[in-house]
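Take a look at the structure first, and then we will go through it topic by topic.

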Amino acid sequence: MPSALLYNSTLDGVQVVGEISGKTENSPSSPKDILTKSALKFVVFLHRAFNERRKVLLAHRQEVQKELDNGGQLHFLKETEYIRNDPNWKCLPVHPKLQCRKVEITGPPDAKMIVNAFNTDVQTYMTDFEDSCSPTWHNMIYGQVNLYDAIRDKIDFTNPQTGKRYKIKRDGRRVPVMIVRPRGWHMVDRHILVDGEPISASMLDFGLYFFHNAKYLIEQGLGPFYYLPKMEHWQEAKLWDDIFSVSEDSLEILRGTIKATVLIETLPISFQLDEVLYALREHSSGLNCGRWDYMFSTIKRLRNQKEHILPDRNQVTMTVPFMTNYVKQLIKVCHKRGVHAMGGMAAFIPRKDDPAKNIEALEAVRNDKLREVLAGHDGTWIAHPGLLATARSVFEEHMPTPNQVFKQKPDTAVTESDLVDTNIQGGHITRKGVEANIYIGLNYMESWLRGFGCVPINHMMEDAATAEVSRLQLFSWSHQKVTLQDTKETCTPEFVIKMINEEASKLATKDGNKFAEASKALTDEISDKKPVAEFLTDILYPQIVTVGQPVDLSFLKASEQQICQLKL
């Protein structure tokens, strides 16, 4: 990349084809306050400086997949042994506001979710532009508007359909610390074109939030905090670290101000945990066990190795060998390097219709959180405020300190084969498992196409990660032609396609539904009409792009925030 592009802050070659003139009654701000001239120049600058590296790293993922398809194995990297074997390096200290993260709540950046999260007595709130948010332009740009207003305490609103008012409680209580999850490296946003190609969605989400809010947050004693998703190689973490450093320098902010937690949710990167923390050692606030995406990644990467085909998804719990070993490795590495090891999601939605089943489910949540805290995790995730009391009580009882980073695990030894030990005793694949995957996959994909990325299905809060498990299991089971244990039928592509079409017909009873589009996306892959997509979003995203007339960039608002290095 020519060095001149690094400092190219012009908008020549840039088109914005997403609507920015709208404004909602509930928000004092609008997209015009977010997509200002200087903010746009900043995210374009990031894209021009770093997008080629992003594309090279994405291509490397496919090289790994080809090796695995040919019977290859994943390994701890020989060239980075010096990082793993050096006991002396540590990450910089975590920000004081991130020292205690016993319970984190997560959800998309819509105004209702933000208010409800801020009114929940958790330590931190991960607001999510990724798996729990369908990336329509409206969701993405108004998500930025909502965050801009929320951290300035301007997000009170009334639902026009119900008349219910949503208001952040102002009673002197502590408001959860906000952490933002941008979209993954694989995603682009087609509503902004830079030199003829869509802008990196990761850099867009990160850059807009950072540009508008970093200095304001620092003044409040906080900071710009992030969750980083879907990485598959430690060099992808190094790319983030370089973006962080350049961004801090550009706003004349102290290096290391940005703090980021990496979601370990792909199989390949679980072999490179020390390297990830080393790459981000100035900016790291730890690692998180992204359990559903990790299961999905394992299915996807090992889909052509029959010995690694997983059973029905409800049997792949955190106690099976490859999941347990991944947790052990993550906690050991995090505590060795002085940062948090965060636990996974409790996706259960409390049930008012059946008190007995509600008690049963809450007990399962309690046992899951007990497993996490006793294993050494420093905090956990919930998707619903109704789970707070259960999760918090477990962590407060068994972890009275803000965290347990001081508990080292020097005797933990996890081998390469341990991380792919998918032998699940008593595991089996059933017709009921096929039916469950079809039902979840269709319902989630249909909702996603209508702009909803966080969907209650069967009393569980499903997001893209859980739908991905369903999608890849249907593919791997049918292409490996497994025998279904309960019916003795052979699971073939034709068998699964027939079941998908039948279920889609049953579900498509309301006007305006998207089940036909969802079923086509599923069946095209299974029938080999299209190659297996890396992600659900790769298949569906073109259908939610709403391209309008290009915005006249000369009339964009100016920004108060300026960037020294870019001379904006």
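Arg181 sits in strand β6 (residues 177-181); strands here are DSSP runs of E with at least two residues, helices are runs of H or I with at least four, and both are numbered from the N terminus. This is a predicted model, in which local features need pLDDT of at least 70 and side-chain atom pairs count only at pLDDT 80 or more, while totals for chains, interfaces and linings use all residues. Residues are numbered from 1 along each chain as its sequence is written, and side-chain values use heavy atoms, with hydrogens and water left out.

**The annotated pair**

- An unreviewed UniProt entry lists Arg181 and Asp463 under "active site"; such positions are given in the numbering used here, feature names are shortened, and annotations may be inferred rather than shown by experiment.
- Although these positions are spread over 283 residues of sequence, they cluster in space, with a largest C-alpha distance of 14.0 Å.
- Arg181 has a relative accessible area of 3%, so it counts as buried (buried is under 20%, exposed is over 50%, and partly exposed is in between, with a 1.4 Å probe and protein chains only).
- Leaving aside neighbours within four places in sequence, the contacts of Arg181 include Asp128, Glu130, Asp131, Ser132, Tyr227, Glu265 and Trp381; contact means heavy atoms within 4.5 Å.
- Asp463 is found in the loop between β15 (460-462) and α16, and with a relative accessible area of 16% Asp463 is buried too.
- Not counting residues up to four places away in sequence, Asp463 touches Asp131, Ser132, Tyr444 and Gly453.

**Helix α16**

- What lies at the start of α16? There, a side-chain oxygen of Asp463 reaches to within 3.0 Å of the backbone nitrogen of Ala465. For reference, a polar contact is a pair of N or O atoms within 3.5 Å; within protein, one must be able to donate a hydrogen and the other to accept it, and residues adjacent in sequence count only if both atoms are side-chain atoms.
- Helix α16 covers residues 464-479, 16 residues in all, and reaches 22 Å from its first C-alpha to its last, close to the 22 Å expected at 1.5 Å a residue. That expected span is 1.5 Å times one less than the number of residues.
- The helix is mostly covered, as 15 of the 16 residues of α16 are buried.
- Just after α16, Lys481 takes a positive phi of about 50°.

**Packing of α12 and α13**

- Helix α12 (residues 355-375) packs against helix α13 (residues 388-398) at an angle of about 30°, and their axes are 9 Å apart. Axes are lines fitted to C-alpha atoms, for helices over the stretch in contact, and angles run from 0 to 180 degrees between N-to-C directions.
- Among the residues making the contact are Leu362, Val365, Leu370 and Val373 of α12, together with Ala391, Val394 and Phe395 of α13.

**Loops and positive phi**

- Glu252 has a positive phi of about 55° although it is not a glycine. Glu252 lies in the loop between α8 (234-250) and β10 (259-264) and, at 60% relative accessibility, counts as exposed.
- Asn458, in the loop between β14 (455-457) and β15, has a positive phi near 55°. At 52% relative accessibility, Asn458 counts as exposed.
- Gly196 is in the loop between β7 (188-194) and β8 (197-200), and its relative accessible area of 69% makes Gly196 exposed.
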